[in-house]
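Student: I've just opened this one and could use a guided tour. Can we go through it step by step?

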Amino acid sequence: MNKFMKISGALALMTMSLGSCFAAGSVSAGVLSGSDLFTSRDLQQSADLSDAAIIGLSSRSQAIIADEGVYILSGTYADSTVVVDAGDDAKVQLVLDGFNVKNSSAPAIYVKSADKVFLTAASDDNSIEVTGRYKADGSTNLDAAVFSRADLVINGTGSLEVISAAGNGISTKDDLKITGSSLYVKANEDALEANDSIRIYDGNIVLESGKDALHAEDSDKSTGYIYIQGGSLDISAGDDAVRGTSLVQVDGGTLDIKTSQEGLEATHIQINGGDIDIYATDDGINAARKSNGTVMIEVNGGDISVSMAAGDTDAFDSNGDLYIRGGDIDVTARSAFDADGTAEMTGGDVKVNGSAVTEITVQSFGRGGAHGGRRW
């Protein structure tokens, strides 16, 4: 697998305290605190194998893991599934060491019940592929090559490739955390999908999706957030690159969004750091009501480049408020800023089409928007 360059070492953990930034206009720290979102075990990139069991899997079969513990998966199989059904309090670690599965209609890894499952890539030769449409498991709609009903953590010092020809790549009904490994996901629908949250601490991540590359959406709209603290993301998305229901927060890392309709989208978008490069055909960074929170975009730091396709497009588009307080921002677009509510620029080094700007003012290329907001 030559798609990856290894990242040496984990990025330093940022410890931003919890803030009340959902209140319009306020900022003192991040909405989310990185120190609260990852456990020490989440960040361990190797497993304790002293009591590990080797899973005996064969083609056209299932292997069921019914107990908490550490399990080693290796070998090449066809139409096979590892099923974790260990109970809601169990923590299960699956160590992938030369594990290669190609299925026609079922996930290669299916977590039915657990408290948390760790997928730890221990070598550079791990691959999962599903070539056809998924078959349901009773009332459970299986729709991903890796499908989990519990929290899922992806880590390790090796690599994992996931290909899903007719559904999502990796999907969980709870939290999805990526703290290490080199991960390549190509999916016909969403590459990474979670109900509660997607949290990225580190890793070399390449995503190709027919729909969203990262998609977090809770049915009651109270969670469904995406938090990025570090790592490297290389994204090509058919729809949104990063889409959360309540919040998208970027504190660090590198996001290279090569193609998307919308780069970042959520009710509330907060950028505090990171190196972000976006190409989009609709909106580069878009805040729209998807939850009960305040609709706004906040930029407090980071190195941000947004390049927009021609047409009725906006680099920064908020259906609520827009605050630029810091960061280095370089926009290439017909419309740089569009907001329905308050729009303030109080800091940052901002360039629009090569010219420095120090306030949000009307640009010469016109005004007006699809939702009737004010454009600058």
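Tutor: Happy to. One term to begin with: a residue counts as buried when its relative accessible area is under 20%, as exposed when that area is over 50%, and as partly exposed in between. Keep in mind that this is a predicted model.

Student: Then is N100 buried or exposed?

Tutor: Start with its place: N100 sits in strand β5, which covers residues 91-103. Its relative accessibility is 13%.

Student: Which side chain does the side chain of N100 make a polar contact with?

Tutor: Look at what surrounds N100 once neighbours within four places in sequence are set aside: G75, T76, Y77, D125, N126 and S127 are in contact with it. One of these pairs up through side chains, at 2.7 Å. That polar contact partner of N100 is S127.

Student: Moving to the loops, is S181 buried or exposed?

Tutor: S181 is in the loop between β13 (175-178) and β14 (182-187). Its phi is positive, about 80°, although S181 is not a glycine. With a relative accessible area of 9%, S181 is buried.

Student: And D79, which has a positive phi too: what is its relative accessible area?

Tutor: D79 is not a glycine either, and its phi is about 50°. You'll find D79 in the loop between β3 (69-78) and β4. It falls in the partly exposed class, with a relative accessible area of 34%.

Student: Which element gives the most residues to the lining of the largest pocket?

Tutor: That pocket holds about 210 Å³ of space. Of its 14 lining residues, the closest to the centre are Q62, A106, Y110, D137 and L142. The elements giving two or more residues to the lining are β2 (62-65), β4 (81-85) and β6 (109-113). The top contributor, with three residues, is β4.

Student: How many residues of that lining are charged?

Tutor: Sort the lining by type and you get seven nonpolar residues and three polar ones. The remaining group, the charged residues, numbers four.

Student: Zooming out, what share of the protein's residues is buried?

Tutor: The protein has one helix and 37 strands. Its accessible surface comes to about 14,000 Å², with 44% of that belonging to carbon and sulfur atoms. Of the 376 residues, the buried share is 58%.

Methods. Residues numbered from 1 in each chain as written. Predicted model: local features only at pLDDT ≥ 70, side-chain atom pairs only at ≥ 80, totals over all residues. Heavy atoms only, no water. 1 Å grid on protein atoms, 1.4 Å probe; cavity = no way out; pocket = protein on both sides within 12 Å on 5 of 7 lines; lining within 4 Å. Points joined across faces, edges and corners; volume = space filled by probe spheres on them. Helix = DSSP H or I, 4+ residues; strand = E, 2+ residues; numbered from the N terminus. Nonpolar A, V, L, I, M, F, W, Y, C, P; charged D, E, K, R; others polar. Buried < 20%, exposed > 50% of the residue type's maximum accessible area, 1.4 Å probe, protein only. Polar contact = N/O pair within 3.5 Å; in protein donor to acceptor, adjacent residues only side chain to side chain. Contact = heavy atoms within 4.5 Å. Areas by Shrake-Rupley, 256 points an atom, 1.4 Å probe, with all protein chains shown as cover.
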